[in-house]
Each structure stands twice: as C-alpha cells, then as structure tokens.
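Q: I would like to learn how to read pockets and salt bridges, so please take me through them step by step.

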Amino acid sequence: MKTTTFLALTLSAASFGASAEDMTIDETCGVYHTMAAAVMTSRQNEVPLSKVMAFFSDAPEGSRGIINGIVMAAYEEPGYSTPEFQQKATDEFANRVTLEC
C-alpha cells in the first residue's frame, strides 16, 4: 500500500512540471486536490512526515510554500485505523484543499 501511495505522490508531483501560466485555475486546483489526497493517504498509511517532505524537496520554488502547507495540514489531522474512516478523511481533506484553492 505504501508503494501505491508514493506512486500517487509521484503523479501529483509530476503535475507541477507544467508552468503555472499554462494552467487554468481549474487545472491548478485539480492538481492540488490530487496532491492533497495523495498526501493524506500517505498520512493515513503512516508514511513518516520526513519522507513526504523529502519527496517534495525538489518541487519548483514557487510551489514549495503551498506544498509544505498542504503536507503539514495533512499531518496535523488524525490518523484512522479503518479503511472507511481513512478514505473519508482523505476525501474530506482533498475537498477542503480544493475549496481553499
């Protein structure tokens, strides 16, 4: 499961390769939604915060503050032991990030 989580993080990080000028607000918010879901999934699967932060250390300079904020906010949320509550926490967190976008 942790490998799947890092695959999702990889896909999310790859989306940051596009120039911000080339993306619409809907596309940008969609990227943040996907990234938030992947980060919260990592949090729910007990991936250490340090590994997630290290994963995003090469993110573009202009995105680091937002990425760090999303990661820190996810890790301030509680972790759950049942898949149902983990998924609910992930969905709700990703939706909150999208609303803030």
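A: For the lining, Ala, Val, Leu, Ile, Met, Phe, Trp, Tyr, Cys and Pro count as nonpolar, Asp, Glu, Lys and Arg as charged, and the others, Gly among them, as polar. This is a predicted model, in which local features need pLDDT of at least 70 and side-chain atom pairs count only at pLDDT 80 or more, while totals for chains, interfaces and linings use all residues. Residues are numbered from 1 along each chain as its sequence is written, and side-chain values use heavy atoms, with hydrogens and water left out.

Q: Which kinds of residue form the lining of the largest pocket?
A: Rolling a probe the size of a water molecule over the atoms shows where empty space is left. Here the lining of the largest pocket divides into seven nonpolar, one polar and three charged residues, and among those that line this pocket are Tyr32, Phe93, Glu77 and Arg96.

Q: Which side chain does glutamate 77 meet in a salt bridge?
A: A salt bridge is a side-chain nitrogen of Lys or Arg within 4 Å of a carboxyl oxygen of Asp or Glu. Glutamate 77 meets arginine 96 in this way, at 3.1 Å from N to O.

Q: Where do glutamate 92 and lysine 88 lie?
A: Both lie in helix α5, four residues apart, about one turn of the helix, and their side chains meet in a salt bridge at 3.8 Å, N to O.

Conventions: 1 Å grid on protein atoms, 1.4 Å probe; cavity = no way out; pocket = protein on both sides within 12 Å on 5 of 7 lines; lining within 4 Å. Helix = DSSP H or I, 4+ residues; strand = E, 2+ residues; numbered from the N terminus.
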